[in-house]
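Me: Please take a close look at the aromatic ring pairs here, and then at the charged pairs. I would like one connected answer in plain words.

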Amino acid sequence: MHTLEKYLIAVRPWSFSTSMMPVLLGNALAYPSLRAISIIVLLLTSLSALCVHAAANLFNTYYDYIHGVDAPLNHNNNNNKEKINDVDSIDDRTLIEGLLKPNDVVRLGLILYTIGTIAFLFLTNFSSAKEPYLAIIFFGALPLSFLYTGGIGFKYIALGDIIILLTFGPITVVYSYMAQAGHYSIYPIFYALPLTLNTEAILHSNNTRDMKHDKSVGILTLSILLGKQYSYYLYCILIYSPYIIIIYIMINISWYCFLPLLTIIYAYRLCEEFKYDQLIKLPNRTALLNFLFGFLYILSIIITNIIQKEQQFLF
C-alpha cells in the first residue's frame, strides 16, 4: 500500500460529509441576503473546516490507540478476524494494523491544523465578515475538535456527544453563514438542528455498538450511562426529530422543504435495526442517512431560494 493511500485512510474521508453538509447549509442560508455566492469564500470555508475535521480524526485515532481503546488485535483469533471484517469499513485501523506510526499520525494532524488555519487567514481577506467574530468561531472550534479525545478527552468522560453536537452543527453552520453573508445571524442555528441531530445519531450508534469494549477499557460514554434500552430511545429521538423540524419548516416557512421527508422510510429501518440489536453496520448506515438527508435538505433550501427570487421578480 502506498504512503499516500495510508494517509488517506487515516484521515477517514468517508466521514467528511458530516462537516461539509453544515458548510453547504450555511452558504445556502446566506444566499437570500446576498443574491450571489462567493466561490472563493465557499472553497476556503470548506478547506478550513475539512482540515480541522481531518486533523480531529487523526488525533482521535492517536489518543484511542494511546488509551487502549483501539488495541492491537490477535489475527490468529477467529473472533478478532470476524470483528475486523465486520467493522473495517467503519473504524480506523491505521495504528493497530501498523499502516502508520503514532508520530506520523500526530505530524499529519498538526500539518492539517496548520493548513486549516492558513485557509482561514486567507478567508478573512475575501470575506466581508468582521475578522474578530469569525476568528472567535474558528479558533473556538479548533481546540474543541482536539479536546474530543486529546487533553481533557471529553469522549472518555461521557461528554463527547456535546462536542459533536456543537462542532458539527451550530458552530460550523454559523461559521459558514457568517463567512459568506458577512454578518452574524441567529436563525442559522435553528436550521442547523436537523443535521446536528443526524450527526449525533452516528456517534450514538457507534458508541452503543462498542459499549462492552468501552467498558472493558475503562472509558465512559453516554450509551454506557443510559444502557441499551434507553440508548435505543435516544437514537429514535435523534433520528425522528429532524423530520419534525422539517415539517415545522414546511408549514411555517416553505412547502418546498419537503424533500428530506423522502428518507423517512430508511430512517425507520435504521431504528428497527437498532431495536433488534443489528448494530455492526449501523454507524455507517446512519452516516448514509446523514448524507442523503443533508443533501436533500440543502437542495430544498436552494430550490426555495430560487422560487422565492422568481416570485419577487414577478410581483
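Reply: Across the whole structure, which is a predicted model, a search finds 20 aromatic pairs. One of them joins Y187 and Y191, whose ring centres are 5.6 Å apart and whose planes stand at 85 degrees to each other. That pair is edge-to-face, because planes over 60 degrees apart are counted that way. Both residues belong to helix 8, which covers residues 187–209. Y187 and Y191 are four residues apart there, about one turn of the helix.

The two tyrosines can be told apart by their accessibility. Y187 has a relative accessible area of 31% and is partly exposed. Y191, at 11%, is buried, because the limit for buried is under 20%. Y191 also pairs with F190: the ring centres are 5.6 Å apart and the planes meet at 75 degrees, so this pair is edge-to-face as well. F190 has 28% relative accessibility and counts as partly exposed. Elsewhere, ring pairs connect F59, Y62, Y63, Y113 and F146 into a cluster.

Next come the charged pairs. In general, side chains with opposite charges can pair when their charged atoms come close. The count for this model is five salt bridges. Three of them are described here, one at a time.

R107 and D104 sit three residues apart in helix 5 (residues 102–126), so about one helical turn separates them. R107 is partly exposed, at 45% relative accessibility.

Another salt bridge is formed by D210 and R209, and their closest N and O atoms are 2.9 Å apart. Are these two residues buried or exposed? D210 is buried, with a relative accessible area of 18%. R209 is buried too, at 14%.

A further salt bridge links D277 with K228, the closest N and O atoms being 3.1 Å apart. This pair ties together distant parts of the chain, as the two residues are 49 residues apart. D277 is in the loop between helix 11 (264–275) and helix 12 (282–314), while K228 is in helix 10 (residues 222–252). D277 counts as partly exposed at 48% relative accessibility. K228 is partly exposed as well, with a relative accessible area of 35%.

One more residue can be followed through its contacts. L165 lies in helix 7, which covers residues 160–181. L165 is partly exposed, with 29% relative accessibility. Leaving out residues up to four places away in sequence, L165 touches P170, T196 and E200. The C-alpha atoms of L165 and L195 are separated by 9.5 Å, and these two residues are 30 apart along the chain.

Notes
Residues are numbered from 1 along each chain as its sequence is written. This is a predicted model: local features need pLDDT of at least 70, side-chain atom pairs count only at pLDDT 80 or more; totals for chains, interfaces and linings use all residues. Side-chain values use heavy atoms; hydrogens and water are left out. A salt bridge is a side-chain nitrogen of Lys or Arg within 4 Å of a carboxyl oxygen of Asp or Glu. Buried means under 20% relative accessible area, exposed over 50%, partly exposed in between (1.4 Å probe, protein chains only). Contact means heavy atoms within 4.5 Å. Rings of Phe, Tyr and Trp (its six-membered ring) pair if their centres lie within 6.5 Å; planes under 30 degrees apart count as stacked, over 60 as edge-to-face and the rest as tilted.
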